[in-house]
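Q: I'd like to learn how to read a structure like this one, feature by feature. Can we go through it together?
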Amino acid sequence: MSVNGKILKILLSLVLSVFAINALGQESSTNKRTAAQSALAKKTGIAPHESLDSLALAPGQLTALPVITGEKSDFDKFTRELIQVQWRDNDPIDLYVIRPKGIARPRAVLYLYGYPTENNRFRDEGYCERITFGGVAAIGFVSALTGHRYHDRPMKEWFVSELPEALTLSVHDVQMVLDYLKQRGDLDLSDIGIFGQGSGATIAILAASVDSRIRKLDLLDAWGDWPVWMAKSSLVPDAERKAYLKPNFLASVAPLDPTRYLPKLTQQAIRLQYRSDDTVTPPGAAAKIAAAAPSGAQIVHYASAKEMYQATSGGRLFDWIKGQSKGTAKVAPDPSSVRPSTADASSQQSQW
């Protein structure tokens, strides 16, 4: 063999070796990711094929189990169904479908309240009357790691410590719930809206960024601007705050900051509401989120919870999100004509 032939053979051998090393490295990396995902699935119940790296669900990523029909209640002005839906191991979700009477296929609004809110309000007759007034259906459930969905985890792992998981899974849940509602066929989903409060408002923003079915967002005290929120939110225990201000943690939640997505939501009707005395969402974070809203968004500031109550009690808080739908009433009922909340009649918050 000539010298040139030997050199060519050596070069070819080196190239093949490089390719082999790269292939082994890619395989090792894939195996590590697969192992990590499997470990996470075993630990949390997350579906093995569900990715926490994407807010959008790929086709077939989650498969819904047959729904379990629970209690169905019939009242003078609305009906209420409790349905259990599930698409992950050990994570059944109590879903409330509250329909106004006299409307064959009413438009629908999803109600997502912030951590640590549970489902009590969806069992309150006065609340159900308010959210269905005007002929609009209401859909309610709680986010991941909240209420009945928090179990089999050490207490040190909670909504904020596992914020990327809690937000991403909840965004996936919104998409799966909309799929279920479509299958029902008894609701008009052509102009779906979400009323979100606290972390529920953040989830609503993230969900709207990947699901074009969501056309309206009414957002109260949305969480976000994570460096400021983690540093000053009253929800964060002082003993844990330092851990959430570390670069690694802030980097993990940065892709889920609503300030990244709000400017792109130009096709949705949006209202942002904030209470200046809310200690969970610090004023600095609220201002940053409001500044990120697209032109045309409505921004409402209340000096206090009392001022908000005076402006929105009796169901008026829900006028905007319901009034965006065609053919629905745009005037709230007289507060005296609506059944008062039974869960906590002395609480202003019980009104919403």
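Q: Which residue forms a salt bridge with D238?
A: One thing to keep in mind first: this is a predicted model. D238 pairs with R241, and the closest N and O atoms are 3.0 Å apart. Both residues belong to helix α6 (residues 238-244), where they sit three residues apart, about one turn of the helix.

Q: Is D238 buried or exposed, and what about R241?
A: The cut-offs do the work here: buried means under 20% relative accessible area, exposed over 50%. D238 comes out at 65%, so it counts as exposed. R241 has 14%, so that one counts as buried.

Q: Which residues do salt bridges with shared partners join into one network?
A: Those are E50, R88, D91, R149 and D173. For the whole structure, the search finds 20 salt bridges.

Q: Where is D173 placed, and what does its side chain do?
A: You'll find D173 in helix α3. With 0% relative accessibility, it counts as buried. Its side chain makes a polar contact of 2.9 Å with the side chain of W87. Skip the neighbours within four places in sequence, and D173 is in contact with W87, R88, I93, F141 and R149.

Q: What does E165 pair with, and where do the two residues sit?
A: E165 and R153 meet through their side chains in a salt bridge, at 3.1 Å from N to O. This pair links distant parts of the chain: E165 is in helix α3, while R153 is in the loop between β5 and α3, 12 residues apart. Both E165 and R153 are buried. Now try R213 and D211, whose side chains form a salt bridge at 2.8 Å, N to O. There, R213 is partly exposed with a relative accessible area of 28%, whereas D211 is buried with 6%.

Q: Which strands pair with β4?
A: Strand β6 (residues 188-197) pairs with β4 in the parallel sense over five bridges, and R107 stands opposite D188 in β6. Strand β5 (residues 137-140) also runs parallel to β4, joined by four bridges. In that pairing, V109 stands opposite A138.

Q: What is I139 in contact with?
A: Leave out its neighbours within four places in sequence, and the contacts of I139 include A108, V109, L110 and Y111. Others in contact with I139 include L95, Y96, V97, V177, L181 and L187.

Note on methods:
Residues numbered from 1 in each chain as written. Predicted model: local features only at pLDDT ≥ 70, side-chain atom pairs only at ≥ 80, totals over all residues. Heavy atoms only, no water. Contact = heavy atoms within 4.5 Å. Pairing = 2+ DSSP bridges. Buried < 20%, exposed > 50% of the residue type's maximum accessible area, 1.4 Å probe, protein only. Polar contact = N/O pair within 3.5 Å; in protein donor to acceptor, adjacent residues only side chain to side chain. Salt bridge = Lys/Arg side-chain N within 4 Å of Asp/Glu carboxyl O.
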